[in-house]
There are 2 protein chains.
Amino acid sequence: MKISDLGEFGLIKKIKEQSKGRSPSTLIGIGDDAAALSLSPSKKLLATTDMLLEGVHFDLSYTDLYSLGWKSAAVNLSDIAAMGGIPRFCLTALGIPSTISVEQIKEFYKGFNALCRKYNVDLVGGDTCRSEKGLVVSVTALGEVEKSKMLTRAGAQPGDLIFVTGTLGDSAAGLELLKAGYRGHGTGGRGKGSKSAIRNPQSEIARLITKHLQPVPRTEWGRKIALSGCATAMIDISDGLSSDLGHICEENRVGAEIRADQIPFSKDIHKAADHLKAIPLHYVLSGGEDYELLFTVPPSKLKKFLSLKISSTQIGTIIAGNKMFLRDDGKRVVLKPKGFNHFARAEYSL
Amino acid sequence: MKISDLGEFGLIKKIKEQSKGRSPSTLIGIGDDAAALSLSPSKKLLATTDMLLEGVHFDLSYTDLYSLGWKSAAVNLSDIAAMGGIPRFCLTALGIPSTISVEQIKEFYKGFNALCRKYNVDLVGGDTCRSEKGLVVSVTALGEVEKSKMLTRAGAQPGDLIFVTGTLGDSAAGLELLKAGYRGHGTGGRGKGSKSAIRNPQSEIARLITKHLQPVPRTEWGRKIALSGCATAMIDISDGLSSDLGHICEENRVGAEIRADQIPFSKDIHKAADHLKAIPLHYVLSGGEDYELLFTVPPSKLKKFLSLKISSTQIGTIIAGNKMFLRDDGKRVVLKPKGFNHFARAEYSL
């Protein structure tokens, strides 16, 4: 069905029906001038917004709308996780071109709501408008955190140990596989390309692709790390390890040393090595969108932290100075932020 | 200066310097994964988001970036006002094409912050990314309101009197003047058109244009109306009187009768009549973006409401049924919602 057959207000009704809030904290949800929400009086409000543009952040020839909805929610919830917070509510603003059908918008919200319900997050409002130039998605996530438990980018000191959750580089590898014509299981875009060009995936390839299309925010882990009281600073790895560690270093006027042999890789990235154009370390340092958490723990709290068994890997140490180094194969090289920067010169020359 | 000379993180720093928060409630502002904010524990959180797309919502050939920033904040604050709330914080997500300079982004935030500071609103976060297809603006406004004072679209009953703040139709008239080549004082876009095509404005024309480019949200009035306890429902007029009154009617399963001779017009719209292609009533009913408030007052509270001298005009009455009527020159005609609908067929055929 064409969206013009429904009209703006018909579309909003459909989204409202599909996204019925479940939380008693949502006093007024979709359909009024603003949402009205209850927060825990003892906590602070967390608010973050992330925009995803067709042709910049996603390519509909290999991104299905369900995955896009999922990811749009996930990248925002990841920012709440990086503060140690509990996600509570989301708002979506969509700019929709005439090439997108009502069914596709429903798929978007199916994915969006699937991710949100996993974390008891209510979709409480938004905006829909016509776009003449591709699909535009802007999401705001609201969460809450105890002031005393909140983790920011500030707080890391020389000597602090650097940890990351999960494995790194999978999302960037998944993106490369998608660009090379591989497709995941049960996902796929508009299918612009010829079917013969779509390569049949092995399970490790499908899993890497899913890591790119449907990342999982580290909501529970971020919360556990915050409640442990052991971390001094935290950030989510959205732009790539070198770039996001760079933010921590710059914020705290410190440096860092990372050990390549301690970076956690998935089995999948090794198994898919023949299909990838670069070594896993390349994806880790320069590729983004892993949405794992990077955080620092002072030596004095290491024992307590390890006793909590919060699944994570120590990859290096905060040092004095303002440089980042990578220790690899006995050599120590300077590490420069190389992650995604929207306005880097290279980006404009694309 | 090109944005690529600064890079994404350099640009964020500039915006941060320019938008220093003033409220002690902003615990963490621009520059971390999420903003951390204090709200009044006795109030409820209000949240709203609105997207503005180049080529759909604004035309940079006659919209300067200062006005665009101002308006992006104003349209969101208007939604907070329509709930009877106090605006507190904003977040902005911008998709920026390579044709936009650093100076233009600074102008955008100059306008955005000017409007925000007027109402003690802090810009606390956002997102900046490259856009390949025009300038994209998405703003989220956060506010707060006492649960007992909050006004929604629901609550109007037959017999309630319909009021509006300010004057109606000015913004739509201003837009038509801009499209016809008139320009306001101190505002102007990229100047794509030849200078000779730009008509010299009279002061009433300039004021109508300013009403379109730099609307003022009815923040104080919305708050006064809510605190009066006299209103049963409220909405802001963003899509046009017929459309937004239609939302109130639909929400409450009621009808309405409007009296054309009671609709408040500005002196400017009458004085500019020779330059406009339609009669003022057309702009009121079908044109949007006045950002005035429409609200309903039951007869039992009329005396108290009038005694408060909240500047507003009674334009009609809520009636039983589900139809809207316009009483004009002794005739009573059915009024259909004709305001802006992003996905109306007519929109797609443009």
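Let me start with A:Val121, which sits in the loop between helix H3 (102–118) and strand E5 (122–130) of chain A, and let me say at once that this is a predicted model. Is A:Val121 buried or exposed? It is buried, because 27 other C-beta atoms lie within 10 Å of its own, and 20 or more is what we ask for before we use that word. If we leave aside residues up to four places away in sequence, A:Val121 touches A:Leu77, A:Pro87, A:Arg88, A:Phe89, A:Cys90 and A:Cys116. A:Gly143 is 22 residues away along the chain, and the C-alpha atoms of A:Val121 and A:Gly143 are separated by 9.0 Å.

In that loop between H3 and E5 of chain A we also find A:Asn120. A:Asn120 is partly exposed, with 13 other C-beta atoms within 10 Å, and its phi is near 55°, which is a positive value in a residue other than glycine. B:Glu289 belongs to the loop between helix H9 (280–286) and strand E10 (293–297) of chain B, and B:Glu289 is buried, with 24 other C-beta atoms within 10 Å.

Now let us turn to a strand, E10 of chain A, residues 293–297, which is mostly covered, since five of its five residues are buried. In a regular strand the side chains alternate between the two faces of the sheet. Here, A:Leu293, A:Phe295 and A:Val297 point one way from E10(A), whereas A:Leu294 and A:Thr296 point the other way, and all of them are buried. Which strands pair with E10(A)? Strand E7 (residues 161–164) of chain A pairs with E10(A) in the antiparallel sense over four bridges, and in that pairing A:Ile162 stands opposite A:Thr296. Strand E8 (residues 233–236) of chain A is also joined to E10(A) by four bridges and runs antiparallel to it, with A:Leu293 as the bridge partner of A:Asp236.

For the whole sheet, let us look at chain B, where seven strands form an open sheet in the order E8-E10-E7-E11-E9-E12-E13, with mixed pairing. At the edges are strand E8 (233–236) and strand E13 (331–335) of chain B, each of which pairs on one side only, and from one strand to the next the twist averages 25°. Within this sheet, strand E9 (residues 255–259) and strand E12 (residues 324–328) of chain B pair in the parallel sense over four bridges, and B:Arg259 has B:Arg327 in E12(B) as its bridge partner.

Next, the helices. In chain A, 10 of the 11 residues of helix H5 (residues 203–213) are buried, so this helix is largely enclosed by the rest of the structure. What covers its buried residues includes helix H2 (65–81), helix H4 (170–179) and helix H8 (267–271) of chain A. In chain B, the axes of helix H4 (residues 170–179) and helix H5 (residues 203–213) come within 7 Å and cross at roughly 110°, and H4(B) and H5(B) are therefore roughly perpendicular to each other. Among the residues making this contact are B:Leu175 and B:Leu178 of H4(B) and B:Ile205 and B:Leu208 of H5(B), and by class the contact residues divide into seven nonpolar, three polar and two charged.

Finally, how do the two chains meet? In chain B, 65 residues are in contact with 65 residues of chain A, and the element of chain B that gives the most to this side is strand E3 (residues 44–53), with nine residues. By class, the side of chain B that touches chain A has 33 nonpolar, 18 polar and 14 charged residues. Strand E2 (residues 35–37) of chain A pairs with E3(B) in the antiparallel sense over three bridges, and there A:Ala35 has B:Ala47 as its bridge partner.

Chain B can be laid on chain A with an RMSD of 0.0 Å, by a turn of 180° and a shift of 0.0 Å along the axis, and that is the relation of a two-fold axis. The same surface serves both copies, in that 100% of the contact residues of chain B recur in chain A. Which residue of chain B comes closest to the rotation axis? It is B:Pro41, whose C-alpha lies at 2.5 Å.

Technical notes: Residues numbered from 1 in each chain as written. Chains lettered and ligands numbered in written order. Predicted model: local features only at pLDDT ≥ 70, side-chain atom pairs only at ≥ 80, totals over all residues. Pairing = 2+ DSSP bridges. Helix = DSSP H or I, 4+ residues; strand = E, 2+ residues; numbered from the N terminus. Axes fitted to C-alpha atoms, helices over the stretch in contact; angles between N-to-C directions. Contact = placed C-beta atoms within 7 Å. Nonpolar A, V, L, I, M, F, W, Y, C, P; charged D, E, K, R; others polar. Least-squares fit on C-alpha atoms with pLDDT ≥ 70 in both. Parallel < 35°, antiparallel > 145°, perpendicular 65-115°, else oblique. Buried ≥ 20, exposed ≤ 12 C-beta atoms within 10 Å, placed from the backbone.
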